[in-house]
Each structure stands twice: as structure tokens, then as C-alpha cells.
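The following explanation leads the reader through selected features of a structure. Please keep the sequence and the coordinates in view while reading.

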Protein chains: 2
Amino acid sequence: VSFEEDVLAKNALLAERNRGWFAGRRILALNLMSSPGSGKTTLLERTIRDIGQDVAVSVIEGDQETLLDAERIRATQCRVVQINTGSGCHLDAEMLAAGVRSLDPPPESVLMIENVGNLVCPSLFDLGERARVVIMSVTEGADKPLKYPHMFRSADLMIVNKTDLLPYVDFDVERCVELARRVNPEIEVLQLSATRGDGLDGWYDWLRAQQRQTV
Amino acid sequence: VSFEEDVLAKNALLAERNRGWFAGRRILALNLMSSPGSGKTTLLERTIRDIGQDVAVSVIEGDQETLLDAERIRATQCRVVQINTGSGCHLDAEMLAAGVRSLDPPPESVLMIENVGNLVCPSLFDLGERARVVIMSVTEGADKPLKYPHMFRSADLMIVNKTDLLPYVDFDVERCVELARRVNPEIEVLQLSATRGDGLDGWYDWLRAQQRQTV
């Protein structure tokens with residue numbers, strides 16, 4: 001336990017330094033977290049294509065291995081850096097600082113940090129982000145906020161993704177939102193389908209509101 | 001790193017003790033791992049209802065919090081123990097030993113261990129199981145074996161679940177199998193839909209074959 005405390009205390013310091021760096025450049029840094037396969041990368045691709053003309057977006061991709069996600073983002077002409085964690089299960093503030101040095105995001109831009117697909121460990125590690133977004137897919141079941149409460153407690157926004165699949169799965173959106181609010185009464189909620197484009201206006205409004213508070 | 005090595009070395013010893021205990025009782029212990037929401041619990045419910053008359057099955061459920069999964073399993077009249085890991089991201093051999101003491105599974109039975117929903121950390125921790133089963137849903141995307149190679153490399157069987165959703169998602173089963181075999185040429189593969197019941201015969205055949213080698 002004391003080893004874990006040491007690791008987290010060291011991480012907290014580096015995260016504050018990242019936070020200061022982002023503030024100095026008026027960069028909006030968002031930490032996107034979810035299970036594997038909930039649609040983070042697809043949401044980012046769509047977001048960059050839809051609003052990338054108006055908002056400078058760059059991306060840091062976290063994965064155990066492969067450059068697959070970075071290649072998908074690069075195809076949108078967006079600046080992107082891939083961090084491979086090897087056997088590691090999360091990004092930490094030190095990895096993020098290295099990624100940011102390499103990416104060099106411009107002032108007043110939006111930095112999307114796609115964490116390793118994992119509903120558990122990433123929630124423990126502050127990266128210096130302004131806000132945390134947890135994405136869940138309607139295929140995952142409505143009980144996830146109770147079963148992974150640390151993640152949902154630490155998130156500012158929950159995105160319920162893949163709403164186009166609602167007719168084919170047993171998923172009660174209202175119950176999921178109620179359970180998320182039970183662990184985190186402050187959490188904001190958006191429903192959308194990144195592949196079909198439903199509900200994206202709400203996400204873009206949320207992003208612009210966050211950016212206004214940053215710049 | 002040396003702390004991680006110490007933890008894993010201690011875990012390896014306890015896992016071997018678990019393995020010996022299972023062998024002494026001729027118990028088939030299976031470690032089921034996946035992302036959150038891939039359908040592990042639904043597959044167990046269905047399995048117990050379908051073959052629980054012929055095969056004595058008991059279950060250890062791992063989750064950060066809640067008794068939800070244990071309650072679902074208990075509703076099938078199956079013996080079950082829930083382990084809550086708190087902020088922990090995986091089961092380890094010591095937790096499993098405690099769960100087994102409490103569960104007291106009968107000789108020549110099948111013990112299903114449902115790990116914490118996480119494609120990363122559980123793969124590092126041997127529990128003393130006979131075989132590892134990784135379950136992925138067709139909604140998660142075919143690239144997961146490459147992005148989480150430690151999990152797929154360590155698995156004996158990959159179950160591709162939720163095949164009933166194939167008409168509604170962009171998922172190439174053949175490519176997913178090819179990528180899984182690229183990281184693990186020995187991996188066996190089954191496709192099924194636990195909710196609709198498609199492909200379950202293959203799973204029950206696999207279970208019976210494993211059990212014949214144990215008893």
C-alpha cells in the first residue's frame with residue numbers, strides 16, 4: 001500500500017506541473033477513459049472531422065501496443081502521438097508529459113488524451129487534465145457505474161455511446177444514468193452514436209463550453 | 001519494477017498452491033477474463049442453466065464493488081462467492097484462495113472464476129487455473145487482440161460473444177481470429193451468442209473435454 005501511495009504522490013506532483021503547462025498555453029486537456037471497444041477513437045475521428053476546422057485539436061493515444069489508433073487519427077490530418085504502455089494498464093502524468101513534449105500542441109487548442117481501454121486503473125492517475133470523460137457503450141450493460149465506481153465518481157461527463165444499437169440490446173438508459181448519479185451526483189450525461197452521428201451537437205456544445213472556460 | 005517482480009513472484013507461489021489444491025480435488029478451475037460488459041456473467045448464467053444438472057458448477061465472482069453478479073448467479077441455484085477488490089483491478093492468487101476456502105467447491109466439479117472486467121491487469125496474475133478463457137464481444141472491434149496482446153497471448157480459448165449483433169456492427173470475425181492467432185498461434189476460438197443461445201454446443205463440448213482431462 002505504501003508503494004502505491006508513493007507512486008500516486010509522485011504522480012500527483014507531475015500532474016500539477018502538466019496542469020500548469022496547459023494553463024500557461026490555455027490548452028483544454030481532456031482525459032477520455034472507457035472499457036476497450038466503447039468507441040473512443042471513433043468519437044475522436046468524428047469530432048475532428050466535424051469541428052476540426054474551427055477548433056485546433058490534437059490527440060495523445062494510449063495503448064498497450066500498436067500504432068493502430070494513432071494511424072486512424074492521423075488519417076484525419078490531426079496532430080497525434082501514440083504512447084505504448086507495454087504491460088502497463090494506464091497512462092500516468094510522466095508518460096503524458098513526454099507525449100506532450102513530442103506533440104507540442106499549439107496555444108488555445110484542445111488536447112484529447114485517449115487513455116488505455118480500462119475502466120479501473122486509469123481513474124487513479126491524475127494526468128493534469130481539466131476534465132475527465134468516461135465513455136460507455138450501450139452494449140456493456142447499465143450496471144457498470146456501480147461495478148466500477150471509482151471511474152464514474154472521478155468523471156465530469158459520462159457519454160453513453162452506440163445508441164444506434166439500443167433496439168438490439170437489453171440496456172435501460174435511465175437506469176444507467178440513475179446509477180451513475182448515485183455514485184456521482186455531479187456527473188453530466190450525454191447520449192450519442194458516434195458512428196451514426198446522433199447527439200453529437202450536445203458533445204460539441206459541451207466541448208465549446210469547456211474551451212470558453214479555458215481560454 | 002522490482003516491487004512488481006516481488007508481487008508476481010509471491011503470487012506465482014500461491015497460484016501453484018491453488019493449482020495443487022484443485023488437482024487434489026480433481027476440480028476444473030477456469031479463469032474467465034474480458035472487458036467490462038462483454039457478457040461473462042450472462043454466459044455463466046446460461047451455462048449453469050443448460051448443463052448444471054450434469055456438471056457441478058460453482059462460481060467465484062470478482063468485481064471492484066457490488067454483489068450484483070453473485071446475485072445473478074445465485075438466482076440459478078449455483079454456489080457462488082463474491083470477491084470485491086475495492087480499488088484493485090484484478091483477482092490474485094491470495095484472493096482466490098480465500099474465496100475457495102469460503103466456497104468449498106466439491107470434488108470433480110467445475111469452478112468458474114469470473115475475473116474483474118479488465119483486458120489488461122488480470123492477465124499478469126496466475127490464479128492456479130487450468131485454463132484461461134478470454135471473452136470479447138463483437139461490439140468491441142476486431143483489433144483488440146493486437147492492442148491487448150498480453151491477455152490474448154496468455155489465453156487458451158477466445159470466445160467471440162454477442163454474434164447476434166453482427167448485422168448491426170462493423171466487425172470482421174475472420175480478421176479478429178487472424179489477429180488473435182498472430183499473437184497466440186495456439187489459441188482456440190469459439191463464436192457464440194450467450195443471450196440467443198447460438199454456438200453454445202461448442203462451448204459445452206470444450207468444457208467437457210477440459211473436464212475429462214482433469215478428473
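**Charged residues, contacts and helices**

The side chains of B:D143 and B:K144 are joined by a polar contact of 2.7 Å. The model in which this contact is found is a predicted one. B:D143 is placed in the loop between β5 and α5 of chain B. With a relative accessibility of 16%, B:D143 counts as buried, because the limit for a buried residue is under 20% relative accessible area. When neighbours within four places in sequence are left aside, B:D143 is in contact with A:L68, A:D69 and B:L179. B:D143 also belongs to a network of salt bridges that links A:D63, A:D69, B:D143, B:K144 and B:K147.

A further salt bridge connects the side chains of B:D63 and A:K147, at 3.8 Å from N to O. B:D63 lies in strand β2 of chain B and A:K147 in helix α5 (residues 144–147) of chain A, so this pair joins two chains. Both B:D63 and A:K147 are buried.

The loop that holds B:D143 also holds B:E140, between β5 (131–137) and α5 (144–147) of chain B. Is B:E140 buried or exposed? B:E140 has a relative accessible area of 6% and is therefore buried. Apart from neighbours within four places in sequence, B:E140 is in contact with A:P36, A:G37, B:S35 and B:S38. With one of these residues, B:S35, the side chain of B:E140 makes a polar contact, side chain to side chain, at 3.3 Å. The C-alpha atom of B:E140 is separated by 16 Å from that of B:L190, a residue 50 places away along the chain.

Two other loops of chain B draw attention through their backbone angles. B:T66 is not a glycine, yet has a positive phi of about 80°. B:T66 is found in the loop between β2 (57–63) and α3 (68–74) of chain B, and its relative accessible area of 19% makes it buried. B:Q77, likewise not a glycine, has a positive phi of about 70°. The position of B:Q77 is in the loop between α3 and β3 (79–84) of chain B. At 72% relative accessibility, B:Q77 counts as exposed, whereas B:T66 is buried.

Within α2 of chain A, the buried residues are A:K40, A:T41, A:L43, A:L44, A:E45, A:T47, A:I48 and A:I51.

A:R46 and A:D50 are 4 residues apart in helix α2 of chain A, and so are separated by about one helical turn. A:R46 is partly exposed, with a relative accessible area of 28%, and A:D50 is partly exposed at 36% relative accessibility.

In chain B, B:R26 and B:E108 form a salt bridge whose closest N and O atoms are 3.7 Å apart. This pair links distant parts of the chain, 82 residues apart: B:R26 is in the loop between α1 and β1 (28–34) of chain B, and B:E108 is in the loop between α4 (93–103) and β4 (110–114) of chain B. B:R26 counts as partly exposed at 43% relative accessibility, and B:E108 counts as partly exposed at 38%. Over all chains, the count comes to 28 salt bridges.

The surface also has a nonpolar feature. Which residues make the nonpolar surface patch of about 290 Å²? The patch is made by A:F3, A:V7, B:F3 and B:V7. The elements giving two or more residues to it are α1 (2–24) of chain A and α1 (2–25) of chain B. A:V7 is placed in helix α1 of chain A and is partly exposed, with a relative accessible area of 32%.

Definitions and conventions: Residues numbered from 1 in each chain as written. Chains lettered and ligands numbered in written order. Heavy atoms only, no water. Buried < 20%, exposed > 50% of the residue type's maximum accessible area, 1.4 Å probe, protein only. Contact = heavy atoms within 4.5 Å. Polar contact = N/O pair within 3.5 Å; in protein donor to acceptor, adjacent residues only side chain to side chain. Patch = residues over 30% accessible without salt bridge, like charges linked within 9 Å, V, L, I, M, F, W, Y side chains within 5 Å. Areas by Shrake-Rupley, 256 points an atom, 1.4 Å probe, with all protein chains shown as cover. Salt bridge = Lys/Arg side-chain N within 4 Å of Asp/Glu carboxyl O.
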